[in-house]
Amino acid sequence: MDPKDIVDGAAKLATDAEIMAGKAAMLAQQATQLAVQTGDHGAGFVSLLTVFVLACFVGYYVVWRVTPALHSPLMAVTNAVSSVIIVGALIAASTDVTASKVLGFLGVVLASVNIFGGFIVTERMLSMFKKKQK
C-alpha cells in the first residue's frame with residue numbers, strides 16, 4: 001500500500017469525523033433549544049442523552065472506516081482518550097449523588113478495560129512485525 005494513499009485516507013477520515021461531529025453538535029443544540037422552548041425541565045438529560053447517542057454513531061462510523069495500516073496509531077489515540085475518560089469518571093464518582101457514583105465507577109471500569117485491551121491488541125499487532133528468532 002502506498003504511503004500517500006494512507007495519508008490521504010487518514011485525512012479523509014479526519015475530515016469526515018469533523019463533519020459528523022459538527023452535525024452532532026448542531027443536533028444536540030437544536031434538541032436543547034427545543035426542550036427549553038417546550039418548558040421541559042429534563043432538558044439537560046435529553047441534551048446529554050442526545051450527545052451520547054450521536055457520539056456512539058460517530059465513533060462507530062469512524063472506527064469501521066479505518067484502514068488496517070492505521071490501526072496501531074488509532075489504538076494509541078484511543079488509549080489517550082480513555083485516560084481522559086477515566087479522569088472525568090473519577091470526578092463523577094466523587095460527588096454525593098449515588099447514581100453519579102455508580103456511573104462514575106462503571107466509567108472507570110469500562111475505560112480501564114479499553115486501555116488495557118488496547119495495549120494487549122497493540123502488542124500483539126507489533127509482535128507480528130518482529131522477525132522470528134530461530
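**Figure 1. Ser 100 in helix H4 of the predicted model.** Ser 100 lies in helix H4 of what is a predicted model. With a relative accessible area of 19%, Ser 100 is classed as buried, because the class takes in values under 20%. Its side chain is joined to that of Thr 95 by a polar contact of 3.0 Å.

**Figure 2. Helix H4 along its length.** Helix H4 comprises residues 98–128, 31 residues in total. From its first C-alpha to its last the helix reaches 45 Å, which is close to the 45 Å expected at 1.5 Å a residue. The buried residues of H4 are Ser 100, Gly 104, Gly 107, Val 108, Ala 111, Ile 115, Gly 118, Thr 122 and Met 125. An α-helix has 3.6 residues a turn, so residues three or four places apart point the same way.

**Figure 3. The salt bridge between Asp 16 and Lys 12.** The side chains of Asp 16 and Lys 12 meet in a salt bridge, with 3.2 Å from N to O, and the count of salt bridges in the model comes to one. Side chains of opposite charge can pair when their charged atoms come close. Asp 16 and Lys 12 are four residues apart in helix H1, and therefore about one helical turn separates them. Asp 16 counts as buried at 16% relative accessibility, whereas Lys 12, at 47%, counts as partly exposed.

**Figure 4. Leu 27 in helix H1 and its distance from Leu 54.** Leu 27 has its place in helix H1, which covers residues 3–37. Its relative accessible area is 39%, and Leu 27 is therefore partly exposed. Between Leu 27 and Leu 54 there are 8.7 Å in space, taken from C-alpha to C-alpha, while in sequence the two are 27 residues apart.

**Figure 5. The protein chain as the setting for the close-up views.** Of its 134 residues, 19% count as buried. The chain exposes about 10200 Å², of which carbon and sulfur atoms supply 73%. Among contacts between residues at least 6 apart in sequence, 59% join residues at least 24 apart.

Technical notes. Residues numbered from 1 in each chain as written. Predicted model: local features only at pLDDT ≥ 70, side-chain atom pairs only at ≥ 80, totals over all residues. Heavy atoms only, no water. Helix = DSSP H or I, 4+ residues; strand = E, 2+ residues; numbered from the N terminus. Expected span 1.5 Å × (residues − 1). Buried < 20%, exposed > 50% of the residue type's maximum accessible area, 1.4 Å probe, protein only. Salt bridge = Lys/Arg side-chain N within 4 Å of Asp/Glu carboxyl O. Contact = heavy atoms within 4.5 Å. Areas by Shrake-Rupley, 256 points an atom, 1.4 Å probe, with all protein chains shown as cover. Polar contact = N/O pair within 3.5 Å; in protein donor to acceptor, adjacent residues only side chain to side chain.
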